[in-house]
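Subject: Structure for you to look at

Hello,

Here is the structure I promised to pass on. Please open it first, then read my notes below alongside it.

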Amino acid sequence: MNRLLVKNVSRNFGGVRALDDVSFVVEPGTIHGLIGPNGAGKTTLINILSGLLRPSAGSMKYKNHDLHRLAAHQMASIGIARTFQNIRLFPHMSCLENVQAGQHVTSRRSLLPRLFHLPSARREDRRLREQAMATLARVGLDDKAHYQSRNLSYGERRRLEIARALSLNPSLLLLDEPAAGMNPVETHEITELIGRLREEGGYTILVIEHDMHVVEGISDRVVALDHGVKIAEGSFDEVATDPRVVEAYLGTTGTERK
């Protein structure tokens, strides 16, 4: 079963309940948007799904694995990769080296062939390099393979981080605000890239995003959180017009919060 199943997930930080009984399903080959105002619990949920945090209660399944029992490196081994809201690249390494750094899960390198410089080790190095170059081409950065990542534009660094996630050969991508801080041109480019990843690569994608134009342009379904609670789920139009979502984003005057 390649659906991502999130069932009754809660997370407490001391006396603060960051997530409260959240459930939803992400079907294979779809893009699921995750929205909500600041403090809604979105990144906490992504951190749980990627193994950086444990849920206080609830369960998650993907490919028949109980995710709440796995560490972050085990998540990667079953096909789950993520990006971060704050870009986490190696600034003094080239784009190619950044992508190759993410290949440890798919690499078949072994110690003895490398110690003795055997042909099998050289073949594996060539394979991984070619694979990394193909990944850079997928995000439009193959012409900058040897640039240090610190010399890229902001939008290019965002795309490079997606390329590094792709180097893990995942089937499920967790993208934490991939368009954050971008200008309109960069936002359009990243929106098109995410759409292509689903259409051409068949990836299943869960994406946190504040830019509603991005969410509208790519999402098959949308989940809205507020104060750790799921307040709406459905198509973009259904969620964007839900009174609870409007209230969460805009607030109300003279009425109590529901």
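A definition before anything else: two strands count as paired if DSSP finds at least two bridges between them. With that in hand, look at Leu-173, which stands opposite Ile-205 in strand E8. One caution as you read: this is a predicted model.

**Overall**

The protein has 258 residues, and 48% of them count as buried. Its secondary structure comes to ten helices and ten strands. Take the contacts with a separation of 6 or more: 65% of them come from residues 24 or more positions apart. The accessible surface is about 12,700 Å². Carbon and sulfur atoms hold 51% of that surface.

Start with E7, residues 172-176. How many of its residues are buried? Five of its five are, so the strand is mostly covered. Leu-172, Leu-174 and Asp-176 point one way from E7. Leu-173 and Leu-175 point the other way. In a regular strand, side chains alternate between the two faces of the sheet.

E7 pairs with two strands that I want to point out. With E6 (residues 80-82), the pairing is parallel, over three bridges. There, Ile-80 has Leu-172 of E7 as its bridge partner. With E8 (residues 204-208), the pairing is also parallel, over five bridges. The Leu-173 and Ile-205 pair belongs here.

**The four-stranded sheet**

Next, an open sheet of four strands. Its order is E2-E1-E4-E5, and the pairing is antiparallel. Which strands stand at the edges? They are E2 (16-26) and E5 (65-66). Each has a single partner strand, so one side of each has no neighbour in the sheet.

Strand E1 (residues 4-13) is joined to E2 by seven bridges. One place to check is Leu-5, whose bridge partner in E2 is Val-25. Helix H1 (residues 42-49) lies across E1, E2 and E4 (57-62). Its direction is about 115 degrees to that of E1.

**Salt bridges**

The structure holds 13 salt bridges. Here are three of them.

- Arg-3 with Glu-27: the closest N and O atoms are 3.6 Å apart. This pair links distant parts of the chain, 24 residues apart. Arg-3 is in the segment before E1, and Glu-27 is in the loop between E2 and strand E3 (31-35). Both ends are partly exposed, Arg-3 with a relative accessible area of 28% and Glu-27 with 35%.
- Glu-189 with Arg-159: the closest N and O atoms are 4.0 Å apart. Glu-189 sits in helix H7 (residues 184-201) and Arg-159 in helix H6 (residues 154-166), 30 residues apart. Glu-189 is partly exposed, with a relative accessible area of 36%. Arg-159 is at 13% relative accessibility. The cut-off for buried is under 20%, so Arg-159 counts as buried.
- Lys-61 with Asp-66: the closest N and O atoms are 2.5 Å apart. Lys-61 is partly exposed at 37% relative accessible area. Asp-66 is partly exposed too, at 25%. Salt bridges that share partners join Lys-61, Asp-66 and Arg-69 into one network.

**Glu-161**

Is Glu-161 buried or exposed? Glu-161 has a relative accessible area of 3%, so the residue is buried. Glu-161 lies in helix H6. What does Glu-161 touch, leaving aside neighbours within four places in sequence? The contacts are Thr-83, Phe-84, Asn-86, Ile-87, Arg-88 and Leu-89. Arg-82 is 79 residues from Glu-161 in sequence. In space, the two are 9.0 Å apart, C-alpha to C-alpha.

Val-246, Tyr-249 and Leu-250 make a nonpolar surface patch of about 290 Å². Val-246 lies in helix H10 (residues 243-250). Residues need over 30% relative accessible area to be part of a patch. Val-246 has 35%, so this residue passes that cut-off and counts as partly exposed.

Best wishes

Methods
Residues numbered from 1 in each chain as written. Predicted model: local features only at pLDDT ≥ 70, side-chain atom pairs only at ≥ 80, totals over all residues. Heavy atoms only, no water. Buried < 20%, exposed > 50% of the residue type's maximum accessible area, 1.4 Å probe, protein only. Contact = heavy atoms within 4.5 Å. Areas by Shrake-Rupley, 256 points an atom, 1.4 Å probe, with all protein chains shown as cover. Patch = residues over 30% accessible without salt bridge, like charges linked within 9 Å, V, L, I, M, F, W, Y side chains within 5 Å. Salt bridge = Lys/Arg side-chain N within 4 Å of Asp/Glu carboxyl O. Axes fitted to C-alpha atoms, helices over the stretch in contact; angles between N-to-C directions.
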